[in-house]
Amino acid sequence: MKQQAYIRITNPAPLLCLFIFLMSCIAEKEYFDPEDPQPPGEEIAFTLKMPVETATTRALSEMDENQVDTVSVLVFRESDKQFVEILTTGDIETELDSVNLKKFYVRLRRDAAMDLALLGNSQDIIREVFPDEEEMQGLTKNEILEKLVLSYEGAWVDGSGKPVRPFPMWGFQENVKKDSDFTGENAIRMTRMVVRIDVHVLEGARDDFQLTEIYLYNSYTKGKVAHSTVQGWNSTEHKATALDISAGVTTSCPNQPFCRIDYTDNPSPITTPGISSERVIYTLEAPTGSEDNLLGATALVVGGLYENNTYYYRVDFTEKNAQGVHEFIPLIWNHNYEINIHEVKGKGYTDPDEAFRKGMTNMELDIVAWDGANMGNITFGAQHQLVVNTDSFFFYSNGRAQVLKVFTDFPDG
């Protein structure tokens, strides 16, 4: 004869508490256990093509322009461009056969067509603007990206030649399908939000002038992480062609006549003594200056030895138009501005602020502006560099037109 045992529960409260506790443990394991998180979606490989190519025959500065600490993938529905989710990772690898390529994995749900915006080194900016991901729900891609603005003042490079913070950068992929690939030839191209300024004393001027100091005046302190693709953007060459500055953004001294960043000691701007400054001076994009507002324009003042005394010379960002007249130009993000000093004809000013106030004098120079994403193959000689936008051409029987873009700082071209 079978016997049955019964347990009489006179107070169910403790048992109910135990049941709730056990269920909460199960829920925590399902979503938060690092050993078995099993998030939804498929693990997808992404490769990012960095905005700066590596020189082939001369070592670059210690500062790694392509450093990527985090990547945030913002997912939007392709149909209405509304936000779906954000995926962030710090597990990023550099490709063994190309230091210009970074690889990472995230779990992506690809059950419908989508648009992706990839933001490098921008996790802190996203968290500052959107502390809770729920605040992004209901917003479109343009509405979210418009709000992601970095506020930054001062130098970007420390005294040891290392970045104070990695450069924020951005890439995108539209109309992503279930079978879309993001590796190999389909790597996503990234662009930096910063501007680089290099200064070179060309060979013909070195007997008369030795570069020793650089000052950056009226730098802008806010900039968008992602450039608009609606205007001022060349989607074919993946580069900015015009400014994209948020409304109300000003220089770091809106209530002063002007302000400056000193590049004299820490970090020293002079990477080749007396001759050049490379990969030290970075800033956010800035609008076009004008003769009517010289004190409000973004400009450099360079100092150096002329006739055994230190003098200072203002450098405005200008280029010659078709008529040979110098016109002011903007500083556009992910562009490099190469200032080439050809000749110093006389004394400058004895104080950098005086040089800034008085304007350009006694120095012949030119400025070559080129986009980092489009001029990538760099070959260095002992003192000079040659930069081209491609290292090979295919020739067709129908005579298809092709363009070779070349930059060199060799005095004779």
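How many salt bridges does the structure hold? The structure holds 21, a salt bridge being a side-chain nitrogen of Lys or Arg within 4 Å of a carboxyl oxygen of Asp or Glu.

This is a predicted model, in which local features need pLDDT of at least 70, side-chain atom pairs count only at pLDDT 80 or more, and totals for chains, interfaces and linings use all residues. Residues are numbered from 1 along each chain as its sequence is written, and side-chain values use heavy atoms, with hydrogens and water left out.

## The sheet

Four strands form an open sheet with mixed pairing. Their order is β4-β5-β1-β9. Strands here are DSSP runs of E with at least two residues, and helices are runs of H or I with at least four, both numbered from the N terminus. Two strands pair if DSSP finds at least two bridges between them. At the edges stand β4 (93-94) and β9 (188-189). Each has a single partner strand, so one side of each lacks a neighbour in the sheet.

Strands β1 (residues 42-49) and β5 (residues 101-108) run antiparallel. Eight bridges join them.

| R196 and E65 | 3.3 Å | 131 residues |

Take R196 and E65, which form a salt bridge. The pair links distant parts of the chain: R196 sits in strand β11 (residues 194-201), E65 in the loop between β1 and β2 (71-77). R196 is buried, at 2% relative accessible area. E65 is buried too, at 4%. Buried means under 20% relative accessible area, exposed over 50%, and partly exposed in between (1.4 Å probe, protein chains only). Both residues also belong to a network of salt bridges that links E65, R192, R196, D198, R279 and E338.

Is K224 buried or exposed? K224 counts as buried, at 8% relative accessibility. E146 counts as partly exposed, at 42%.
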